[in-house]
Amino acid sequence: MSSSSSMAVTLLLMMVVVAPPAASSSRDLLDVKTGFQVKLKHVDWGGNFTKLQLLQRGMKRGRKRMERLYAMALATVSAPIHAGNGEFLMELSIGTPPSSYSAILDTGSDLIWTQCKPCKQCFNSPTPIFDPKQSSSFAKLSCSTDLCTALPLSSCSNGNCEYLYTYGDYSSTQGVMATETFTFGKVSVPKVGFGCGLDNEGSGFNQGGGLVGLGRGPLSLVSQLDEPKFSYCLTSIDSAKTSTLSMGSLASLDAKDTTIMTTPLIKNPSSPSFYYLSLQGITVGDTSVPIKKSSFAIKGDGTGGMIIDSGTTITYLEEKVFDLVKKEFIKQVKLPVDDSNQTGLDLCFTLPSNAESVEVPKLVFHFDGADLDLPGENYIIADASGVACLAMGSSSGMSIFGNIQQQNMQVIHDLHKETISFVPKQCDKM
């Protein structure tokens, strides 16, 4: 393997360390000259897990999430299903005076909601349940508002808008739609439309007191802002540093930055909230993987295509495509394949004893207009057990570009221009 087709990955204590690469809404109410930033914590942050353990825990959650995402894309689904869950938590405050709580960040759904008193049924959460009676800025939404009519399932009671939002594992939140002042850091945004959940059932939400949807639909936080743009910069999965979410003008690009790669967003009528990318090819080392152009096309039944998702840990490729990528890695990595299946990942290699470094091929995702050359730590995970694994897997029905592959990149979502941009960054320094 030539040096031009590979990159050195240094193993330190069997951990991969890679040198970093260079209406009744709040529209018109956010000061777009200011925007805001909030810190994100991984749901397993501070849990004293190894990098491989973090990956395995994320994959366990990710398999359930992938099932939900796939169900959402099926046009034949009888009732709307949403992704829910996520891998990152954001801190914010709600109400006047503000009451703080943590919420799951979800780029795969739209609704913003939190648990509210008086709760008919609420799950245990790390933050207090919001009491609308204690806030002077709480106001219920009427049934005629745009946000109410945008709900997939709603009803009207005494002129007030009531909602039901369901998730793929039979979890749900049900309550009344309202507006409230949300505070992110030092920036307050009035009249944000959200669900005040009085009946919240199911598992997967107990890391936070609610959920902030950042999808492409009208209910999401980004859609409700005057400047529909956001970005995140995710630190390495095992980093002790927090990640960063930027909203509004703070998510803007520096036009002078020559490292910016921008690709258009495409739409799937069956799943209008998802951020679909046009993946055109994959290169492993110097080899262009022989992928059919139809492999990542959105099919008539709503399946297929590739979404970018912050709430899914590893990247999942359509089964036939993944098999080709896997075959190419086996061909180019000069190490024996580990067949023990102990890690839960599809492809692992046995490391030499006392190994200090190992050469792995480059991995480039060719999106429309953006060739994303990933740093080694974004796709190879080494462990003290003596294996190095490809942090990718196979799927059927939908491909997902996961958050491990997005580490140490500022990922800018622009709903106005309908683009996503990637900028290499040291995210722990933002």
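**Cores and confidence in a predicted chain**

The largest nonpolar core of this predicted model has 75 residues, and I282, F329, F365 and F422 touch the most other members. A nonpolar core here is a set of buried Ala, Val, Leu, Ile, Met, Phe, Trp, Tyr and Cys residues joined through side-chain atoms within 4.5 Å; buried means under 20% relative accessible area with a 1.4 Å probe, protein chains only. Strand β11, residues 187-201, gives the largest share of this core, five residues. A second, separate core has 16 residues, among them I104, L141, Y163 and L211.

Beyond its neighbours within four places in sequence, F365 is in contact (heavy atoms within 4.5 Å) with residues including L279, I282, L317, L372, M392 and F401.

The protein chain holds four helices and 30 strands, taken as DSSP runs numbered from the N terminus: H or I of at least four residues for helices, E of at least two for strands. Of its 430 residues, 57% are buried.

Confidence is given as pLDDT, the predictor's value for each residue from 0 to 100. The chain has a mean pLDDT of 83, and 84% of its residues reach 70 or more. Over residues 1-33 the pLDDT is below 50, although the model gives this stretch 94 contacts beyond near neighbours in sequence. Residues 74-84 also stay under 50, with 36 contacts beyond four places in sequence. Where pLDDT is low, the predicted coordinates should not be read in detail.

Residues are numbered from 1 along each chain as its sequence is written. In this predicted model, local features need pLDDT of at least 70, side-chain atom pairs count only at pLDDT 80 or more, and totals for chains, interfaces and linings use all residues, while side-chain values use heavy atoms, without hydrogens and water.

Conventions:
Buried < 20%, exposed > 50% of the residue type's maximum accessible area, 1.4 Å probe, protein only.
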